[in-house]
Amino acid sequence: MRGSEYAELMAFMAIAQERSFRAAARRLSISPSALSHSLRALEERIGARLLHRTTRSVAPTEAGQALLDRLRPAVAEVDAAVRDVTVSQQRPRGRLRINLPRAAAQLIIMPRLAAFREAYPEISLDLAIDDALTDVIAKGYDAGVRSGAIVDQDMISVPLTPDLRMVVVATPDFLSAHTKLESPADLTGLPCLTYRWLETGVLQPWRFEGPDGAFEVNVKSALTVNDTDILLSAALQGVGLAYLTEGVALPHIEAGALIRVLDLWCKPFIGFHLYFSGRRHMPAAMRAFIDFMKLPVSASPGSRICVSAKPY
């Protein structure tokens, strides 16, 4: 339906409900002559007289009443849809579809999830755990979460975490059975636990930084997997050295189950950012989500932050 056809129907409804051209014109904020023109155009287009009109009264014809009865619920539904969208812009409610890697879900969402649901019970989070560099806009997501270093410049980006850091860890027994590790070059020939991105087949590089800048080390894979929980489990079993995000390894380091090595060579990298296509007309649910996820997590035993081995 063209815009002019919709305007004609609204003109007819206003006249039929107000039973007055002047009252209908005031309701629609147009002139009586323009209103009369719209009605004539509608009657000519459908080939039926819709209103009986005299100098004293206006009333629907049989055809006009039938059309009015059909239009009322349809227009009410359209009005309700517009109101719902308006309310969703003003009150935090509705569904938010967020594409993010497991690391970000563990680090940002899970420690805050219960409190977020309590604060915003009308917001439904739809989280797609995805370690690939997905085009979130093309896939219909409201936003994505990745390391700020890899977010496209044409996206709006909001930092959610401080810088993150990788660590190299192994069990005390494993380290006692192998040569002391003093530099990344000493990793050569040692059994390592590596991560492979399923969507590309590429191994996650082991990156370090020394006096001459950043570099990567090709390690010997004793186990390759696309799940960081399995990598951590294998490290705890003494299968090899693991390259993990500090947060996921820290509880086991503090417990003495793992020891970190090459610490001086492991430098921070840019933390997680929420990114989306623009700020204009941002839904209240998105604004609430951003503000809430930037809040600090209570430093209690039950709120320990764990992140996976992937920096994005």
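Helices here are DSSP runs of H or I, at least four residues long, numbered from the N terminus. By that count, helix α9 is followed by G256, whose phi is positive, near 85 degrees. The model is predicted. The protein chain holds ten helices and 15 strands. Its radius of gyration is 31 Å, whereas a compact globule of 312 residues would come near 20 Å.

**Overall dimensions and burial**

- Taken along the principal axes, the C-alpha atoms of the protein chain fill a box of roughly 105 × 35 × 30 Å.
- Of the 312 residues in the protein chain, 42% are buried.
- Consider contacts in the protein chain with a separation of 6 or more: 76% of them join residues 24 or more positions apart.

**Helices α2 and α3**

- Helix α2 spans residues 21–28, and helix α3 spans residues 32–46.
- The two pack at an angle of about 100 degrees, and their axes lie 9 Å apart.
- Helix α2 is therefore roughly perpendicular to α3, since angles of 65 to 115 degrees count as such.
- From α2, the contact uses F21, R22, A24, A25 and L28.
- From α3, P32, L35, S36 and L39 take part.
- Seven residues of this contact are nonpolar, one is polar and one is charged.
- The loop between α2 and α3 contains S29.
- Phi of S29 is positive, near 60 degrees, in a residue other than glycine.
- S29 has a relative accessible area of 65%, so the residue is exposed.

- Helix α9 runs over residues 246–254.
- Its buried residues are G247, V248, A249 and I253.
- Strands β7 (164–170), β12 (241–245) and β13 (259–261) are among the elements that cover these buried residues.
- Helix α8 (228–236) is also part of that cover.

- L262 sits in the loop between β13 and β14 (268–269).
- Phi of L262 is near 55 degrees, again a positive value in a residue other than glycine.
- Most residues other than glycine have a negative phi.
- L262 counts as buried because its relative accessibility is 6%, and the cut-off for buried is under 20%.

**Helix α10**

- Helix α10 covers residues 284–293.
- Eight of its ten residues are buried, so α10 is largely enclosed by the rest of the structure.
- The buried residues include three alanines that can be named as A284, A285 and A288.
- M286, F289, I290, F292 and M293 of α10 are buried too.

**Cysteines**

- The disulfide count comes to zero.
- C192 is in no disulfide, and its nearest cysteine sulfur, that of C266, is 12 Å away.
- C192 has 0% relative accessibility, so C192 counts as buried.
- C266, at 2% relative accessibility, counts as buried as well.

Conventions: Residues are numbered from 1 along each chain as its sequence is written. This is a predicted model: local features need pLDDT of at least 70, side-chain atom pairs count only at pLDDT 80 or more; totals for chains, interfaces and linings use all residues. Side-chain values use heavy atoms; hydrogens and water are left out. Buried means under 20% relative accessible area, exposed over 50%, partly exposed in between (1.4 Å probe, protein chains only). Contact means heavy atoms within 4.5 Å. Axes are lines fitted to C-alpha atoms, for helices over the stretch in contact, and angles run from 0 to 180 degrees between N-to-C directions. Angles under 35 degrees count as roughly parallel, over 145 as roughly antiparallel, 65 to 115 as roughly perpendicular and the rest as oblique. Ala, Val, Leu, Ile, Met, Phe, Trp, Tyr, Cys and Pro count as nonpolar, Asp, Glu, Lys and Arg as charged, and the others, Gly among them, as polar. A disulfide is a pair of cysteine sulfur atoms within 2.5 Å. The radius of gyration is taken over C-alpha atoms; the globule rule is 2.2 Å times the number of residues to the power 0.38.
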